[in-house]
Structures are given as C-alpha cells and as structure tokens.
Amino acid sequence: MSQSKKKFHYAWIILIGVALIVGLNKAGITTLGGLFLIPITKELGIGMGSLSLYFSIASIATMITLPIAGKVIAKYDVRVVLIIAMLLQGGGFAAFGLMNSVWGWYIFCIPMSVGSVFLTQIVGPVLVNNWFKKHNGLALGIISATGGIIGAILQPAAGNLIADQGWRNTYFILAGVVTIIVIPIIILTIRFAPKDKGLLPLGAEETPTEAHETTEVISGVSFANAKKSSAFVALFLFFFFITSISSFSQHFAAFAMDNGFTIQFAGNALGIMQIGLLVGAISFGILADKFGSKNTAIFAMLLGMVPVLMFLFNPTNPVLFMIAVGIFGFIIPSLSTLTPLLTSALFRKKDYAQIYSTAAIGLAIAGIVALPVYGYMFELTGSYFSSLIVLLVLFAANILLLIWAFAGRKKLVAAGLMEEEVITIKK
C-alpha cells in the first residue's frame, strides 16, 4: 500500500519523541541556570559576574561542538548519540550540586553543554527537516510548545525545590528525573530519516520508478556556496542577536529578586514565561506556515520590544512584571521555531544540517558574550537598566538583518545556485 493511502505517518511519532526530549532537557535543565544564581552566590560568596561566566564557557563548548554535531548525528546511530548526550548533560548538571568553588561550574558545564547541543539544538531541526516536507512550522511549534508545557510545571517546581530542599538537592533531583524519562523515549521512538522505515517525508509526493522504489527531488544551496553568501552572514548575525535577546531570560530570576520579589515569585514568573512560550510556539509555527518565516520573524521582533519597555518603566509592579514575562516568553520560540525555518527558507534542504549547525555557532557566540555581559553590567551599575536598553537595540537590528538575508537569497537564486538532486528510496 502506498504511503499516500496511509492515515497515519511515523513522522508524528518522531515529533512526539523529539518534543519530549527537547522539552524535558530545555525546561528541566538548560533554561534553569538563572534560577540558581542568587542562592549560590549568597551561600558561597561568589560574584554574580564570576558565576554567570560559566554560561560563557558553556557557550564556547557549544560553539566547538555545533559544526561537529551536524555530521555526527547524520553519521552514527542517532539513538546511541542521543543517549550519550543525555548522560553528559544530566551528569554535568547533577555535578553542580557537589561544588563549593566556581571552578566546578566552569568544568562541568562543558560536558553538560556538549550533550545539550544534540538534545536541545540539533535533534529538533534536523529530524523535523528530515521527516516533514509539509507542516514544518507546526512541527517545530509543537516542539517548542511541549517545552512550554513542561516548563510551566518544572520551573515553578524548581523554585519551590530550591526554597525547600536547597539548590544542591534540586540539581540532583532534576538531573535524575530528566535522564530517567528521556533515555527510554530515545530508544522507543527516534529514527533518523524516513528511509530508515522505507518511507518518504510527510507531505512528499511519490514519483514511481520501479515497483518497490520512489524518488524525491531535494533542492537547495550547497554548503560551499551558502557559507560565502550575504544571506548566510545575515542569518549568522540574526542567530547571534536573537540568542543574545533570549539569553536575558536566564537573568529573570535575579532581575525579579533585585526588584524586591522572592525566589518563589521568581520561580512562578518563569512558569508564566513558559506558558507564554507555549502559546508563542504554536502561534509562530502556524503563522510561519501561513505568512512565511520572514514576516513572522519581523512580527516577533516588534512584539518583543513591548515587555522590555514594560520592564524599563515599571519593573516593581507584580502584575505588570508577570504580564511582561509572559509576553517575553511568547517571543522566545522565535529562536527555536523560526531560526530553523529561516534557514530552510533561505537555503532549502540540500545541505540543511551542515548549514544550520554552522550558522548556529552564532547562538553559541551569543552565549559567550551576552550572558556574562548582562551579569557584569549588573555588577557595575547595580541594575539591569542598561541591559534592557541593549535588548531594544538588538530587536531593531534583527529586523534589518532579516531584510538583508532575503535580499541575499534573491542573489543566490539569480546566480543559479539553488541546485536540485534526485534520490531514490526503496520501499
């Protein structure tokens, strides 16, 4: 029976598995770092800038791993790669709970970050691009939305755990829970590409050749041509700026407590942010499928200015603070949902994994620069005011970069660099 007559495609199983893997690791480990900053600095007497410097080291590890990760995940059994990545990320995060010196964070953030590259940055975009020719935006939106649902539960729970059990035990609990859940999901659901199950991607049209074969046409710009284009430079910078913007969420807990709120309030605020992320993830996926990734990204940048202005003018009002955090959370999926879609829109599918993983080095460089800069700016000025001004500038710059990127794409098409390749799939 042909694939077109089947009512259910295995791509949806892939999506469920990937959504849970990415969501649990992001919400349960990766995005929780900021919640620990104040308790750790107070107990151990470490400066905020010195401790948040581990985010930079983590980003350096991420930057080095990213261009390799795209090749590794395509070359080796994806399930083995992801299990090893889970052990690295979970183990590194748990090790933080044993530390008494800032050097512990500097050391163990490295294996944690290497694992995180595969589990939170590469597996989602690559597998969605492999399995979905149709509904790509919706699929990426569902992945981000799942993270929002999980985060809405885990973020407030983490704040309460830190208050009740201490930050050390919270590291152990979260690392153990995420690892125990994720490894079986990897084993049971994940497959790298449709051809591994004798299928075409969801939404691909079959072109009959022989009785047990079909063909698919893959178009796109080669990596060699893409990396030399203005579109790639603009995309790289967009990745850098949008990650710099998103990175400020790691300081939300400290920002809240600096304005007189409790750590429980900060944890609840992060939960509200995750609800915003949930709504934004689905919304951006649908909007991108309907209006295109460029227009949707511009809308996200304009909307992102609103909560920053709210923080600037009235940061101590608890209701407005929660609303602003929720709106900021709404635009965060523009990182995880729109950056893969922008890469595909600009360069198509041919060398997608290599182009995306290389451009995503901008994400890592942003972490190296932005996270500690926010921390040191706070130390030097005694507030986050200057950081908020920087966020407004970055939002505006990203709009200009989007316009430049798509102008660069037109040049690639005009030069005849959008190539096509026909592949044969045995059924």
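Colleague: How do the axes of helix H3 and helix H5 cross, and how close do they come?
Modeller: This is a predicted model. Helix H3 covers residues 48-75 and helix H5 covers residues 102-131. Their axes cross at roughly 35° and come within 7 Å.

Colleague: Which hand does the crossing of H3 and H5 have, left or right?
Modeller: By class, the contact of H3 with H5 holds 20 nonpolar and five polar residues, with no charged residues. The crossing of H3 and H5 is right-handed.

Colleague: Which residues does Thr 65 contact, leaving aside its neighbours within four places in sequence?
Modeller: Thr 65 sits in helix H3. Thr 65 has a relative accessible area of 11%, so it counts as buried, the limit being under 20%. Beyond its sequence neighbours, its contacts are Val 114, Val 117 and Phe 118.

Colleague: H5 also meets H15. Are the two helices roughly parallel or roughly antiparallel?
Modeller: The axes of H5 and H15 come within 10 Å. They cross at roughly 150°. Angles over 145 degrees count as roughly antiparallel. H5 and H15 are therefore roughly antiparallel.

Colleague: Which residues make the contact between H5 and H15?
Modeller: The crossing of H5 and H15 is right-handed. By class, the contact has six nonpolar, three polar and no charged residues. H5 supplies Gln 121, Ile 122, Pro 125, Val 126 and Asn 129, and H15 supplies Tyr 352, Ala 353, Tyr 356 and Ser 357.

Colleague: Is Tyr 356 buried or exposed?
Modeller: Tyr 356 lies in helix H15, residues 352-359. Leaving aside neighbours within four places in sequence, Tyr 356 is in contact with Gln 121, Pro 125, Phe 239, Thr 339, Pro 340 and Thr 343. Its relative accessibility is 4%, so Tyr 356 counts as buried.

Colleague: What does the contact of H1 with H7 hold by class?
Modeller: H1 passes H7 in a left-handed crossing. From H1 come Ile 13, Ile 14, Gly 17, Leu 20, Ile 21, Leu 24, Asn 25 and Gly 28. They meet Leu 174, Val 178, Ile 181, Val 182, Ile 185, Ile 186 and Thr 189 in H7. By class, the contact of H1 with H7 has eleven nonpolar, four polar and no charged residues.

Colleague: How many aromatic pairs does a search of the whole structure find?
Modeller: Ring pairs link Phe 248, Phe 252, Phe 255, Phe 261, Phe 265, Phe 311, Phe 321, Phe 328, Tyr 374, Phe 378 and Tyr 384 into a cluster. The search of the whole structure gives 29 aromatic pairs.

Colleague: Why does the pair of Phe 255 and Tyr 384 have its class, and what is that class?
Modeller: The ring centres of Phe 255 and Tyr 384 are 5.6 Å apart. Their planes stand at 85°. Planes over 60 degrees apart count as edge-to-face. The pair is therefore edge-to-face.

Colleague: What separates the C-alpha atoms of Ile 331 and Gly 304?
Modeller: Ile 331 is in helix H13, residues 318-331, and counts as buried at 2% relative accessibility. Not counting residues up to four places away in sequence, Ile 331 touches Phe 284, Ala 300, Leu 303, Gly 304 and Phe 395. Ile 331 and Gly 304 are 27 residues apart along the chain, and their C-alpha atoms are separated by 6.1 Å.

Colleague: Which residues does Ile 327 touch, not counting residues up to four places away in sequence?
Modeller: Ile 327 lies in helix H13. It touches Leu 303, Val 306, Pro 307 and Met 310.

Key: Residues are numbered from 1 along each chain as its sequence is written. This is a predicted model: local features need pLDDT of at least 70, side-chain atom pairs count only at pLDDT 80 or more; totals for chains, interfaces and linings use all residues. Side-chain values use heavy atoms; hydrogens and water are left out. Rings of Phe, Tyr and Trp (its six-membered ring) pair if their centres lie within 6.5 Å; planes under 30 degrees apart count as stacked, over 60 as edge-to-face and the rest as tilted. A crossing is left-handed if the near helix is turned anticlockwise from the far one by less than a right angle, and right-handed if clockwise. Helices (H or I, at least four residues) and strands (E, at least two) are DSSP runs, numbered from the N terminus. Contact means heavy atoms within 4.5 Å. Ala, Val, Leu, Ile, Met, Phe, Trp, Tyr, Cys and Pro count as nonpolar, Asp, Glu, Lys and Arg as charged, and the others, Gly among them, as polar. Axes are lines fitted to C-alpha atoms, for helices over the stretch in contact, and angles run from 0 to 180 degrees between N-to-C directions. Buried means under 20% relative accessible area, exposed over 50%, partly exposed in between (1.4 Å probe, protein chains only). Angles under 35 degrees count as roughly parallel, over 145 as roughly antiparallel, 65 to 115 as roughly perpendicular and the rest as oblique.
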